[in-house]
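Load the model in your viewer and keep the selection panel open. Each stop below gives a selection and then says what is there.

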Amino acid sequence: MKAVLFDMDGVLVDSEPVWGVAERETLAHWHGTPSQSLLESTKGMFYRDFLDFIAAQLALENFDLDAADAMLIGKMTVAFEQTLTLNPGALNLANELKANDVKMAIASSSPSKFIETLYKRFFIPQDVKMKCLSGEFMEKRKPHPDIFLLAAQALDVAPQDCVVIEDSANGLLAAKAAGMVCILMPAEDAQDERFALADHTIASLTELTPALMTEIWQKQQQSVEK
């Protein structure tokens, strides 16, 4: 294991509930009320794609994607700049990986400004170096593997030497399509048959150490060689 790629929302920060509230408030402006199952199916989707998809599914009249975009981003900017905190174990794990010379990146479908804000607030003060990659301007986003392959390239490591930590089925599928080991940290109430594709499942980052992650990675490499 030479590199660890972190998803952001739901992994490094417990922002999924905050996104959920902001998304519902935004869609309510156009009288849209998506079901919980519809919201779950879009987890890990780029926010603008999400808005466009939900508006089409609910056939929202006079929906303005640009206006909805600005409204949602305004709500989430406050959260990322002021209120959101790292999930338990995130900073400790990053520091342990740094001590073991493991390269790191944040590879998320969130807007790049949110990823950079999180990195600057929490990791730069600890001198933890990470590449920051967003699916914002990518043609193919999760569940396509492009963002993880780009992260591996940015870190100058082979895809098979990377371990991804994800919380969504879309992210999991992207990691596996990239040929990477994936550790899944799903939300407590999340259920999806595709979660079975994960190489390991955790409830919290506090469960992980570089040694355990290396062991998980080695087991997967051995199974591939067989």
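Buried residues make up 51% of the 226 residues in the chain, where buried means under 20% relative accessible area, exposed over 50%, and partly exposed in between (1.4 Å probe, protein chains only). This is a predicted model, in which local features need pLDDT of at least 70 and side-chain atom pairs count only at pLDDT 80 or more, while totals for chains, interfaces and linings use all residues. Residues are numbered from 1 along each chain as its sequence is written, and side-chain values use heavy atoms, with hydrogens and water left out.

**Whole chain**

Start with a cartoon of everything. The chain has nine helices and six strands; helices (H or I, at least four residues) and strands (E, at least two) are DSSP runs, numbered from the N terminus. The chain is as compact as a globular protein of 226 residues, because its radius of gyration of 17 Å is close to the 17 Å of the globule rule. That radius is taken over C-alpha atoms, and the rule is 2.2 Å times the number of residues to the power 0.38. Along the principal axes, the C-alpha atoms fill a box of roughly 55 × 40 × 30 Å. Of the contacts with a separation of 6 or more, 70% are between residues 24 or more positions apart; contact means heavy atoms within 4.5 Å.

**Nonpolar cores**

Select Phe6, Phe123 and Met213 next. These are the residues with the most contacts inside the largest nonpolar core, which has 55 residues. A nonpolar core is a set of buried Ala, Val, Leu, Ile, Met, Phe, Trp, Tyr and Cys residues joined through side-chain atoms within 4.5 Å. Which residues does Met213 touch, not counting those up to four places away in sequence? They are Met1, Val4, Leu93, Leu97, Val163, Ile165, Ile183 and Leu208.

**The largest pocket**

Now select Glu16, Pro17, Lys43, Asp167 and Ala187. Of the 35 residues that line the largest pocket, these lie nearest its centre. The search uses a 1 Å grid over the protein atoms alone: a cavity is a set of points where a 1.4 Å probe fits but cannot get out, a pocket is an open set with protein on both sides within 12 Å along at least five of seven lines, and lining residues have an atom within 4 Å of a point. The volume of the largest pocket is about 790 Å³, with grid points joined across faces, edges and corners and the volume taken as the space filled by probe spheres set on the points.

Colour the lining by element. Helix 1 (16-28), helix 2 (36-41) and helix 3 (47-57) each supply at least two residues, and the largest share, six residues, comes from helix 1. Colouring by class gives twelve nonpolar, ten polar and 13 charged residues. Here Ala, Val, Leu, Ile, Met, Phe, Trp, Tyr, Cys and Pro count as nonpolar, Asp, Glu, Lys and Arg as charged, and the others, Gly among them, as polar.

Stay on Lys43, in the loop between helix 2 and helix 3. Is Lys43 buried or exposed? Lys43 counts as buried, at 14% relative accessibility. Beyond its neighbours within four places in sequence, Lys43 is in contact with Glu16, Asp167, Ser168, Asn170 and Ala187.

**Tyr47 and Asp69**

Move to Tyr47 in helix 3, which is buried with a relative accessible area of 8%. Not counting residues up to four places away in sequence, Tyr47 touches Trp19, Asp69, Leu72, Ile73 and Pro111. Draw a C-alpha to C-alpha distance from Tyr47 to Ser110: the two are 63 residues apart in sequence and 6.9 Å apart in space.

Asp69, in helix 4 (residues 65-83), is buried as well, with a relative accessible area of 12%. Leaving aside neighbours within four places in sequence, Asp69 is in contact with Tyr47, Arg48 and Leu51.

**Backbone details**

Finish with the backbone. A cis peptide bond joins Lys142 and Pro143, with omega about 15 degrees. Pro143 lies in the loop between strand 3 (131-134) and helix 7 (146-155).

Then select His31, in the loop between helix 1 and helix 2. His31 has phi near 60 degrees, a positive value in a residue other than glycine, and counts as exposed at 73% relative accessibility. Asn62, in the loop between helix 3 and helix 4, has phi near 60 degrees and counts as exposed at 70% relative accessibility.
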